[in-house]
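Please have a look at the structure first, and then we can walk through a few of its features together.

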Amino acid sequence: MKIENSPFQTAWMSFDLGLHRPCDGTYCFYDYDSLPPIPAESTFVGKFEWLSIDPQVLANIHAQVGEDALASKLAHIKAEAQRLNIALPQGFDAFMGNEALRESIPS
């Protein structure tokens with residue numbers, strides 16, 4: 001069946017991504033046309049340039065959550081992965097080790 005013949009609403013269903021894609025509920029529908037094109041060969045290379053965060057939001061997070069506790073949890077995860085001989089994805093350190101990147105995706 002072609003999508004235009006579907007009796008169901010067609011949309012990308014997803015959750016809130018803060019400044020990147022606001023949602024007034026747990027999940028919202030977004031028109032496919034509103035989704036940006038994904039130039040995968042240059043975008044998803046483990047550097048996460050496509051994410052950003054409002055500096056004020058980051059300051060509020062610093063006030064609420066201790067970065068030392070998060071760093072400790074990250075070190076524990078990496079040690080456990082090494083102990084179990086599990087290779088973490090290449091971008092794991094880059095993403096999880098950067099508070100601004102982590103907090104740009106609130107879920």
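Phe 29 is partly exposed, because its relative accessible area of 48% falls between the limits for buried (under 20%) and exposed (over 50%), taken with a 1.4 Å probe and protein chains only. This is a predicted model, in which local features need pLDDT of at least 70 and side-chain atom pairs count only at pLDDT 80 or more, while totals for chains, interfaces and linings use all residues. Residues are numbered from 1 along each chain as its sequence is written, and side-chain values use heavy atoms, with hydrogens and water left out.

**The chain as a whole**
- The secondary structure comes to 5 helices and 2 strands; these are DSSP runs numbered from the N terminus, helices being H or I with at least four residues and strands E with at least two.
- Along the sequence, the elements follow the pattern β-β-α-α-α-α-α.
- The chain has 107 residues, and 21% of them count as buried.
- Among contacts (heavy atoms within 4.5 Å) with a separation of 6 or more, 39% come from residues 24 or more positions apart.

**Phe 29 and the surface patch**
- Phe 29 sits in strand β2, which covers residues 28-30.
- Together with Met 13, Phe 15 and Tyr 27, Phe 29 forms a nonpolar surface patch with about 440 Å² of accessible area.
- Patches take residues with over 30% relative accessible area and no salt bridge, joining like charges within 9 Å and nonpolar side chains (Val, Leu, Ile, Met, Phe, Trp, Tyr) within 5 Å; a salt bridge is a side-chain nitrogen of Lys or Arg within 4 Å of a carboxyl oxygen of Asp or Glu.

**Ser 14**
- Ser 14 belongs to strand β1, residues 12-14, and counts as buried because its relative accessibility is 7%.
- Beyond neighbours within four places in sequence, Ser 14 is in contact with Arg 21, Thr 26, Tyr 27, Cys 28 and Tyr 30.

**The disulfide**
- The chain has 1 disulfide, defined as a pair of cysteine sulfur atoms within 2.5 Å.
- Cys 23 and Cys 28 form this link, with their sulfur atoms 2.0 Å apart, and the link is right-handed, with 90° about the S-S bond.
- Cys 23 counts as buried because its relative accessibility is 16%, and Cys 28 counts as buried at 13%.

Conventions. Accessible areas come from the Shrake-Rupley method with a 1.4 Å probe; for residues, only the protein chains shown count as cover.
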